[in-house]
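Hi,

Here's the structure I said I'd pass on. Have a look at it first, then read my notes below.

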Amino acid sequence: MTLIARGVLQPHNTDEASGTFTFADQTSTVLFGASGSGKTSILRAIAGLPSAFVLSQLTHRGQSLLTTPTHQRPITLTAQQPALFPHLSVVENLRFALKRSKPAPDTLLDTVIEDLGIETLLERSIVALSGGESQRVALARALLSRPDWLLLDEPLTQLDRKARQQLTGHIKRWQNQHEFGLVYVTHDLNEALSIADQVILIDEGRVQQAGDQDLLLSLPSTHSDLEGRIIVATFKTHWSEDGLSELSVSNHPIFLAQQAMLTEGQAVSIYIAERDVSISINEPLDTSILNRLPVSIQAIEADNHSSVRLVLALDQQVLFARITHRSLRKLKLQVGDVVWAQIKSVSLQP
C-alpha cells in the first residue's frame, strides 16, 4: 500500500511540469534538492496546508484524500519552525497529541519523553523554549500522534550533531516499532543516510532521480544541496588509551572517537561536514588537530556573500571546506593549489 501525491509547483501549470511522488507504507523516504526545489511545498500540500505545490491527486491506500480536511488526514507534519500551542505547557502539548492519536500503551508518553530528552522541560511554557528545545518537543508531539504518515521538514536543524545522530536513531526505531511511513527533508547528508530507505532528488517539484542510499553517495560535488561529503577509509587499529580509532585514507592516518565494533581492514564511510574542515597552505605540525590531509583545490564556489566553498580532491575522493572570503584572500588560494585540510577528530563519525 502506498501514498501517492501528484501535482504542480507554481507558477508552472502544465501537465508536463507535474510531479508524481510514490511513498511505500512503513518506509523512510528522504527528499533531497536545492532550496526552492519544492521539498517543503510538497510536504505542506500532502498535509493539507496552503502550498505552492498544487495537488491533482493524493491517494492513501487507494482512497483519495484531496478533499479530506487537514485534521482528518492520517498525516502529521512537523516543520523546521515548530507550530506548538503557546498557551499550553510542554506536557500539555504532548497530552493533546495523545488524545488525538490511536489507542496507545500507558507507558508511551514516558518513553517518548525519555527518548527525546525533554524530562526537564515538561512544565515549561512553549515561549520559554530555545529553538533546539522546541524542535525536540515538536518531534515528541509528532511521534505521540501516531499517524500513518509522519512528514518531517528539517526537524533537527537547531540541534548539534551528536543530538541529531541520537534522535535520527530514535526516529528509525520508532518507525520500526509503530509501523508508520516517513517522508523526511534535510540538507544534512549524514542525517539523510541515517534515515533513508528511499531517496528522491527533486527539482521544480518533479522527480529527477529516485533510488536507495547509494544515490546520495554518488551525487556530484557540484550538487547544491550538499553541506558535506562521505569519504571511505580503512580501519587500522584502536588507541584505547586515547579513546580513538585510527583509519587510513589514501595512506594518510585519520582519527576519530573509538568505534569498538570496527575490525582490521574494514572499509568505513565517514561523513565530513564542510564547516569542520579548515585549510593551511603548509603542513601544520604544532597543532592539536590530528587529521591533516594533503588535497588539491578543484573548484572555488562563491555561493554567498560571506563565505566560499572549496572543492578538494584527495586522490579519487572529494571533500568540501567552507571558509570566508577574507581567508581566501589572505591565503591567496587558487584552483590547482595543493593545501592541507585539517579536520578535528571530535567532529567525525562513521
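By class, how many nonpolar, polar and charged residues are in the lining of the largest cavity? Keep in mind that this is a predicted model, and then have a go at it. The lining has one nonpolar residue, five polar ones and four charged ones.

Here's some more on that spot. Searching the whole structure turns up one cavity of 30 Å³ or more, and the volume of the largest cavity comes out at about 80 Å³. If you'd like to find it on screen, pick out the residues around it: Arg161, Arg164, Gln165, Thr168, Asp188, Asn190, Glu191, Ser194, Tyr271 and Gln349. Two elements, α5 and α6 (189–195), each give two or more residues to this lining. The largest share is from α5, with four residues.

Helix α5 turns up again in a helix pair. The axes of α3 (residues 108–116) and α5 (residues 161–178) come within 10 Å, crossing at roughly 155°. Angles over 145 degrees count as roughly antiparallel, so that is what α3 is to α5. On the α3 side, the contact is made by Leu108, Thr111, Val112, Asp115 and Leu116. Across from them, α5 brings in Leu167, His170, Arg173, Trp174 and His178. Sorted by class, the residues of this contact are five nonpolar, three polar and two charged.

Now for the largest pocket. It holds about 810 Å³ of space. There are 29 residues lining the pocket, and Ile75, Thr76, Leu77, Arg141 and Ser145 are the closest to its centre. The elements giving two or more residues to the lining are α1 (39–47), β6 (75–78), α2 (90–99) and α4 (131–144). Of these, β6 has the largest share, four residues. The class count for the pocket lining is 15 nonpolar, seven polar and seven charged.

Zoom in on β12 (residues 244–249) and β13: they run antiparallel and are joined by six bridges. There, leucine 247 stands opposite isoleucine 254 in β13.

Note on methods: Residues are numbered from 1 along each chain as its sequence is written. This is a predicted model: local features need pLDDT of at least 70, side-chain atom pairs count only at pLDDT 80 or more; totals for chains, interfaces and linings use all residues. Side-chain values use heavy atoms; hydrogens and water are left out. On a 1 Å grid over the protein atoms alone, a cavity is a set of points where a 1.4 Å probe fits but cannot get out, and a pocket is an open set with protein on both sides within 12 Å along at least five of seven lines; lining residues have an atom within 4 Å of a point. Grid points are joined across faces, edges and corners, and a volume is the space filled by probe spheres set on the points. Ala, Val, Leu, Ile, Met, Phe, Trp, Tyr, Cys and Pro count as nonpolar, Asp, Glu, Lys and Arg as charged, and the others, Gly among them, as polar. Axes are lines fitted to C-alpha atoms, for helices over the stretch in contact, and angles run from 0 to 180 degrees between N-to-C directions. Angles under 35 degrees count as roughly parallel, over 145 as roughly antiparallel, 65 to 115 as roughly perpendicular and the rest as oblique. Contact means heavy atoms within 4.5 Å. Two strands pair if DSSP finds at least two bridges between them.
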